[in-house]
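Dear colleague,

I am handing over the structure below, and my notes on what was found in it follow.

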Amino acid sequence: MKHQRYSYNRSRPFKFNFSRRIKRAFKEKHNFYIYRSFLTGRKRGVSKDLKKALTNLNLLHLLTPSGLHLSSLLLIIALMRKRFKGPWPKRVELIICLSIYFFLPGYYSLKRVALLRSLFIANNYFKNHFKSLQIFSIFLIIDIMFGTFQYSKISFAYSVLFLGIIFLGGKLNFIKLSLLFFSGQVLIAAINDQQISYLSVVVSPILTWIFTLAYPLLFLNLFFIKIFNYSQYFVGLFSDIVIFLNIWLSKFSMIDITWPLIIVAIIINRRTLYLCIGIITINLFIY
């Protein structure tokens, strides 16, 4: 993988380029563009049908490096912690997260998760002296005053909502997390005047979990993709499933967002009540 020369500018993302040899490793060109988007966030070449399907299923974030991508990669370090005892795996994770936050231009969602993860790791060194809400408050103050808030307020608002769901939602199982994410999707759909599917409460989390588990393998394949390219089969199948489910769901279960549904979403997210209200307030001022 090579990259362009780039003058540091936080307002624009760093652009990664793949070599032509990597592109030639894909039998179908559109699968290469999907793969590149999964890894780097560059959406050029991804079909309009796929982007529309991902948008309707509230999965467009899969094409933008974010906390989901970072978390799945950090699973490798988590496995290393189980294999190798001592403090160095956690220190490596802290260095990676801080480097992303301070030195990687653009990729605001990714940077926010890197900062929040750094704070939780640092808190561990203080024997978990600070509670989750305190750490989250410190994260908000730092990022609003010195970080990504000034560059994309809408992106900041959406990220904070879902990060709040994950880190302030308490102990979460798959069902509870799915409901919380669905309630977050309801709020965002209401703000953007979009329809949403009831079935996305099941479909979107399942596809997200599949992607999360596959992402480390997609990333690792980059280093030997010219020898064996299994990623092309995953991205091809995954994109076909997304497009099929979008067509199927649009026929049976698309609904308009009403105020009762918004109120229910806020009640479900009662642990992040102030975040929900804040997201709505920020977007009212922006629009």
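Helix 7 (residues 132-146) has 15 residues and reaches 21 Å from its first C-alpha to its last, close to the 21 Å expected at 1.5 Å a residue, where the expected span is 1.5 Å times one less than the number of residues. Helices here are DSSP runs (H or I, at least four residues) and strands likewise (E, at least two), numbered from the N terminus. This is a predicted model, in which local features need pLDDT of at least 70 and side-chain atom pairs count only at pLDDT 80 or more, while totals for chains, interfaces and linings use all residues. Residues are numbered from 1 along each chain as its sequence is written, and side-chain values use heavy atoms, with hydrogens and water left out.

In helix 7, Ile135, Phe136, Phe139, Leu140 and Asp143 are buried (under 20% relative accessible area, with exposed meaning over 50% and partly exposed in between, for a 1.4 Å probe and protein chains only). These residues lie on the same side of helix 7 because they cover an arc of only 140° around the axis, taken from the directions from the helix axis to the C-beta atoms. On the other side of helix 7, Leu133, Ile141, Met145 and Phe146 are exposed.

For the protein chain overall, the secondary structure comes to 13 helices and four strands, and buried residues make up 47% of the 287 residues. Of the contacts (heavy atoms within 4.5 Å) between residues at least 6 apart in sequence, 64% join residues at least 24 apart.

Best regards
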